Amino acid sequence: AVSDGEFHEDEIATIQRLKNSHSQFSGITDAQAHAIVADIYNKISAGMEPKMIIEQMGNNMTDKQKLIGYALAKEICIADFTYNDDEKKFIKLVEEVWNIPDEAIEKIEFSLNLRYFN
């Protein structure tokens with residue numbers, strides 16, 4: 001949601017929906033979720049390179065969790081039915097840092113295109 005420096009209402013609503021319905025996030029409280037978003041936003045605002053943030057996050061994740069995180073990050077980026085250059089750059093960085101396989105990228109893009117841009 002902060003990849004383009006802005007919080008869009010649709011992106012925040014998507015984060016909330018995913019937090020409430022996705023099994024990976026069932027134990028995260030609203031306060032914890034807000035703290036996580038604030039921490040990432042503060043790091044970006046302070047000038048920390050997104051690559052470093054992505055690397056740090058990935059250090060604590062399995063390959064499966066990285067795929068899930070990638071898919072959800074991309075969905076959040078397009079939740080407002082736009083996909084701007086800053087968001088594309090951020091997602092490309094996630095693909096590279098987390099070594100997301102081309103096959104997974106294609107499948108996720110296909111699914112998101114059907115749901116958001118058909």
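1. **Basis.** This is a predicted model: local features need pLDDT of at least 70, side-chain atom pairs count only at pLDDT 80 or more, and totals for chains, interfaces and linings use all residues. Numbering runs from 1 along each chain as its sequence is written, and side-chain values use heavy atoms, with hydrogens and water left out.

2. **Fold.** The chain has six helices and zero strands. Its pattern along the sequence reads α-α-α-α-α-α. Helices are DSSP runs of H or I with at least four residues, strands are runs of E with at least two, and numbering starts at the N terminus.

3. **Dimensions.** Along the principal axes, the C-alpha atoms fill a box of roughly 35 × 30 × 25 Å.

4. **Contacts.** Take the contacts in the chain with a separation of 6 or more: 73% of them join residues 24 or more positions apart. Contact means heavy atoms within 4.5 Å.

5. **Surface and burial.** The accessible surface comes to about 7,500 Å², and carbon and sulfur atoms hold 54% of that. The areas come from the Shrake-Rupley method with a 1.4 Å probe; for residues, only the protein chains shown count as cover. Of the 118 residues, 30% count as buried. Buried means under 20% relative accessible area, exposed means over 50%, and partly exposed lies in between (1.4 Å probe, protein chains only).

6. **Aromatic pair.** The count is one aromatic pair. The ring centres of phenylalanine 81 and tyrosine 116 lie 5.3 Å apart with planes at 55°, so the pair is tilted. The rule pairs rings of Phe, Tyr and Trp (its six-membered ring) with centres within 6.5 Å; planes under 30 degrees apart are stacked, over 60 edge-to-face, the rest tilted. Phenylalanine 81 sits in the loop between helix 4 (63–77) and helix 5 (85–97), while tyrosine 116 is in helix 6 (residues 102–117), 35 residues apart. Phenylalanine 81 is partly exposed at 48% relative accessible area. Tyrosine 116 is buried at 14%.

7. **Valine 94.** This residue belongs to helix 5. Valine 94 is buried, with a relative accessible area of 3%. Leaving out residues up to four places away in sequence, valine 94 touches Ile54, Tyr70, Asn99 and Ile100. The C-alpha atoms of valine 94 and proline 50 are 9.1 Å apart, across 44 residues of chain.
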